[in-house]
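Subject: Structure handover

Hello,

Here is the structure I promised to pass on. Please keep it open while you read the notes below it.

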Amino acid sequence: MMSFNPNDLVAILPELILLGATCAILLIDLFLKPSQRDVTHWMSIAALAVSACFVWQGAPAAGQGLSAFNGMFLHDGISVVLKQFVLLMSGLSLFYGRNYMRERQLLIGEYYLLILFATLGMMLLVSAGSLISAYLGLELLALSSYALVALNRDSSVSAEAAIKYFVLGALASGLLLYGMSMIYGATGTLDLARISASIGQVEHPGWLAFGLIFLIAGIAFKLGAAPFHMWLPDVYQGAPTAITVFIGSAPKLAAFGLAYRLLEGGLGGLSEHWTLMLAILSVFSLAIGNLFAIAQSNLKRMLAYSTISHVGFLLLGFVGASPAGFSAAMFYAISYSLTAAVAFGMIGLLARKGFECEEIEDFKGLNQRSPWYAGIMAIAMFSLAGVPPLFGFFAKLLVLKAAIDAGFLWLAIVAIVFAIIGIYYYLRVVKVMYFDSAADASALPLPSDVPLRWVISLNGLALIVLGFAWGPLFDWCNRAFGI
Amino acid sequence: MAQWPLLSVLIWLPIAGAILVLALGRDPRVARWLSVLVALATLAASIPLYLGYDAPAGGMQFIESHAWIDALKVHYALAADGISVALIVLTTFTSVLVIIGSWGPIDKRVSQYMAAMLALEGMLIGVFAATDALLFYVFFEAMLIPMFIIIGIWGGPRRVYATLKFFIYTFLGSIFMLIGLIYLHMKTGEFSLQAFAQAPLGPSEQAWLFFAFLIAFAIKVPMWPVHTWLPDAHVEAPTGGSVILAAIMLKVGGYGFIRFSLPITPDASQEYAWVVIAMSLVAVVYIGYVALVQDDMKKLIAYSSIAHMAFVTLGLFIALALVRVHGNPDAARLGVQGAMVQMISHGFVSGAMFSCIGVLYDRLHSRMIRDYGGVVNVMPWFGAFFVLFAMANCGLPGTSGFVGEFMVILAAFQDNFWIAAVAAFTLIIGAAYTLWLVKRVIFGEVTNPKVAKFEDLDAREWIVLGSFAAAVLAVGVYPKPLTDLMDSSVLQIVNALMLSKA
């Protein structure tokens with residue numbers, strides 16, 4: 001019954017290309033001098049771009065999913081959309097991180113390799129067709145991320161963050177694995193499609209429910225949903241900003257993919273149980289994320305709490321357990337990662353050697369120094385706050401609509417109440433940039449990394465453009481879910 | 001007539017102008033001239049809107065509709081009826097004066113200020129022209145951003161507090177409306193206002209929606225007791241920001257009641273009209289007294305704005321009782337018409353009053369009444385204008401302030417003598433606080449030596465105050481063009497009120 005079909009290799013061609021390129025970069029980088037690190041940089045970007053082209057080219061026809069390797073690997077519209085954006089966000093974070101890492105003598109080959117491996121893990125994760133491949137992808141992502149956070153070996157803050165991340169992440173993986181084993185015990189299979197088919201006729205439904213709870217706890221850890229969010233602020237703050245850009249954007253897409261594959265793909269039959277659990281997680285995330293963010297003075301930490309609140313919003317899309325809801329949630333994940341990349345990227349852009357620019361106060365008077373970058377940052381803040389006509393508003397609109405359509409009107413109202421609270425801390429950043437004057441007028445010069453300046457500007461303007469032209473992206477998400 | 005998408009031009013011309021000003025306005029002089037040109041061009045573009053609108057036919061004209069998001073049936077749909085046309089012309093007219101008025105006082109980051117003003121103008125026109133609820137909401141919320149920046153950068157000492165309060169307060173109101181709109185979308189499958197108005201809704205659904213809309217628009221108008229953001233915002237805003245805020249942004253609230261509450265939830269509006277009427281009457285009397293004791297000129301005018309805007313809500317909601325209980329659609333028409341005239345008139349009068357205070361503030365950098373006195377002795381022209389606007393503010397016949405209030409009180413009389421009596425109280429209290437302000441600021445002896453050195457209006461200030469004065473007198477003496485413009489549209493609204501939905 002286990003047979004190898006050569007056609008399966010075509011399905012994983014983008015992953016194979018990325019893997020091959022990563023191995024090649026690993027070898028080439030060994031022979032490069034530190035001054036030649038740009039070669040690694042552009043090779044990594046090229047590897048991501050080529051892989052993205054093959055994802056695009058190999059996309060299955062609308063509504064038709066393929067599975068390869070006996071169902072281990074799914075190749076459908078959802079994985080195509082998520083992979084495209086995972087590759088895009090990874091590429092963006094390489095742009096945003098280069099100057100920052102170079103100034104701190106951290107621009108080493110490992111930085112690129114770990115990000116590429118993490119990206120590979122995410123691609124595997126969003127295509128997972130069985131519990132094993134989901135776990136493999138997740139661990140490849142997680143282990144690379146732990147190492148990335150610890151990349152700055154001399155910083156005790158980074159080391160502390162990495163240890164916390166590692167310990168809590170390992171705990172989450174353990175929970176997830178334990179839940180998977182229960183589900184395997186109940187259904188006798190690791191294949192998500194077969195799990196889904198056998199849900200109605202399992203002998204011990206209790207095991208299944210038990211497994212589901214552990215699974216949800218593990219997913220919530222990876223998403224950063226409260227009350228499983230403890231690692232997130234420390235890691236975001238402790239990691240070098242270039243790494244935070246990466247961890248804060250692409251893995252959210254992958255975590256959405258994980259949640260979708262496991263909950264809907266595998267345990268869709270139990271949706272009456274997990275929708276309510278996710279609704280409760282959503283309320284906790286909205287409350288804790290928004291309330292704690294107000295008290296922060298460190299921008300990275302504030303954005304970390306804001307991430308938690310955005311996860312709460314993202315979960316609104318899950319409570320209906322309907323394709324339209326998942327589509328809205330995926331749209332939300334895309335919108336959030338694009339916006340968060342600007343916000344974290346801007347911290348990296350303004351940072352200098354010896355000056356991290358991560359306190360909110362450090363943004364004082366940015367409008368005087370550089371109206372352009374103050375404007376880009378303000379766009380990101382208003383988009384995160386969900387003010388139209390920016391991209392973030394429409395993402396919020398869609399998940400609120402999904403929740404209301406699913407009959408969770410109360411949850412939608414809770415969400416908007418916290419959105420109002422949340423708006424305060426985003427506005428505070430705008431206030432600092434626009435209404436306060438810089439502490440010393442002899443402002444720091446902006447970095448001369450031209451690609452960085454261009455890419456972050458385009459990324460910021462995309463938030464406006466997508467605020468008007470979000471229809472095609474929305475249609476794309478809908479098509480992926482067969483709507 | 002060649003089909004120019006006139007409304008789109010009116011919306012996007014100032015917004016494109018804003019980007020242009022930001023890009024080219026390194027030199028403040030360039031920014032000033034460029035923004036005036038853009039504002040004038042927008043004003044010019046609104047003239048064909050006024051002339052081309054077929055007022056006797058009424059209804060929505062200049063219709064534009066393009067699919068925006070197919071999956072949700074969202075449309076980029078614009079159209080204007082008589083009410084919209086009146087408000088759009090008010091917007092383009094006031095924006096020109098605001099930009100000219102800001103030439104002198106704004107001297108830092110001029111291009112950003114002018115760009116924010118122009119962007120705000122475009123978004124306000126968008127609010128008045130949108131016939132798709134989501135598009136309306138986008139403009140409705142987006143205009144908070146430039147106003148937030150205007151108050152926050154160019155405002156007074158407590159500007160940060162005021163602007164955050166302004167933003168969060170109004171955001172709070174409108175986001176409940178968003179939930180209501182999503183709910184209506186679930187019922188009807190689209191976002192067009194017409195579909196919303198035709199959707200059958202049960203009594204409890206209507207009640208929930210009514211209150212969702214009420215929160216949004218009551219905060220925007222603002223009505224007592226959710227008015228507290230307004231005095232702070234006005235006091236801290238720069239003169240131009242105050243003028244736009246009072247003259248146009250408050251009208252968005254009244255306009256929202258006309259477009260959303262009345263047609264979409266007519267039965268709930270009737271059932272809870274007493275709430276709105278009671279809130280309006282409290283505003284007329286209580287806020288009038290509050291205005292009386294202010295020692296800050298801007299605060300005084302801000303409170304007076306709240307009291308005057310209460311006539312708008314009173315006129316709109318008294319119409320429901322008149323139509324449905326008394327079966328008197330003519331009186332209802334008078335009420336709605338009066339509310340509309342009051343909106344336009346208040347736009348001119350409050351804009352003019354804030355401009356006057358701006359003129360004084362530029363000379364002495366104080367808003368306190370006690371710092372002035374005897375201004376007419378050194379600034380006779382200014383004194384004349386100020387007294388004229390003050391008279392309009394207390395509703396003297398012959399000025400625009402009289403027409404709207406008179407119509408609303410007349411309509412209220414047909415419903416209930418006591419409502420009319422309380423509303424008419426404004427004629428006393430309004431006169432009291434306005435005339436007392438005039439007495440203390442304009443007349444009397446010059447006590448402050450700095451006031452003695454004041455120079456009278458310069459040409460720029462003359463243009464601004466002169467234009468406002470012309471508008472105030474024109475509407476006051478001969479309001480017929482204005483009422484004719486809106487009459488058929490008002491009739492359609494009143495007719496729609498007769499139909500129950502439940």
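**A covered helix in chain B**

α15(B) is mostly covered, with 29 of its 36 residues buried. Buried means under 20% relative accessible area, exposed means over 50%, and partly exposed is in between (1.4 Å probe, protein chains only). Helices (H or I, at least four residues) and strands (E, at least two) are DSSP runs, numbered from the N terminus.

This is a predicted model, in which local features need pLDDT of at least 70, side-chain atom pairs count only at pLDDT 80 or more, and totals for chains, interfaces and linings use all residues. Residues are numbered from 1 along each chain as its sequence is written, chains are lettered from A and ligands numbered from 1 in the order in which they are written, and side-chain values use heavy atoms, with hydrogens and water left out.

Just after α15(B), B:His365 has a positive phi of about 55°.

**Where the chains meet**

How many residues does each chain give to the contact? Chain B gives 32 residues and chain A gives 38 residues, where contact means heavy atoms within 4.5 Å. Together the two chains bury about 3,200 Å², 85% of it on carbon and sulfur atoms. Buried area is the accessible area (1.4 Å probe) that two parts lose on being put together, summed over both. B:Phe171, B:Ile179 and B:Ile182 supply 17% of the area that chain B buries against chain A, more than any other three residues.

On the side of chain B that touches chain A, the elements that give two or more residues are β1 (61-69), α5 (133-142), α6 (144-154) and α7 (159-188) of chain B. The largest share, 15 residues, comes from α7(B). The residues on this side divide into 25 nonpolar, 4 polar and 3 charged. Here Ala, Val, Leu, Ile, Met, Phe, Trp, Tyr, Cys and Pro count as nonpolar, Asp, Glu, Lys and Arg as charged, and the others, Gly among them, as polar.

**Salt bridges**

A salt bridge is a side-chain nitrogen of Lys or Arg within 4 Å of a carboxyl oxygen of Asp or Glu. The whole structure has 24 salt bridges over all chains, but the interface of chain B and chain A has 0.

In chain A, A:Arg104 is buried at 16% relative accessibility. A:Arg104 forms a salt bridge with A:Glu103, the closest N and O atoms being 3.7 Å apart. A:Arg104 also meets A:Glu356 in a salt bridge (3.0 Å, N to O). A:Glu356 lies in the loop between α14 (323-350) and α15 (366-369) of chain A and A:Arg104 in the loop between α4 (77-103) and α5 (109-126) of chain A, so this pair ties together parts that are 252 residues apart in sequence. A:Glu356 is partly exposed at 28%.

In chain B, B:Lys480 pairs with B:Asp484 at 2.8 Å between the closest N and O atoms. The two are 4 residues apart in helix α22 (residues 480-498) of chain B, so about one helical turn separates them.

Regards
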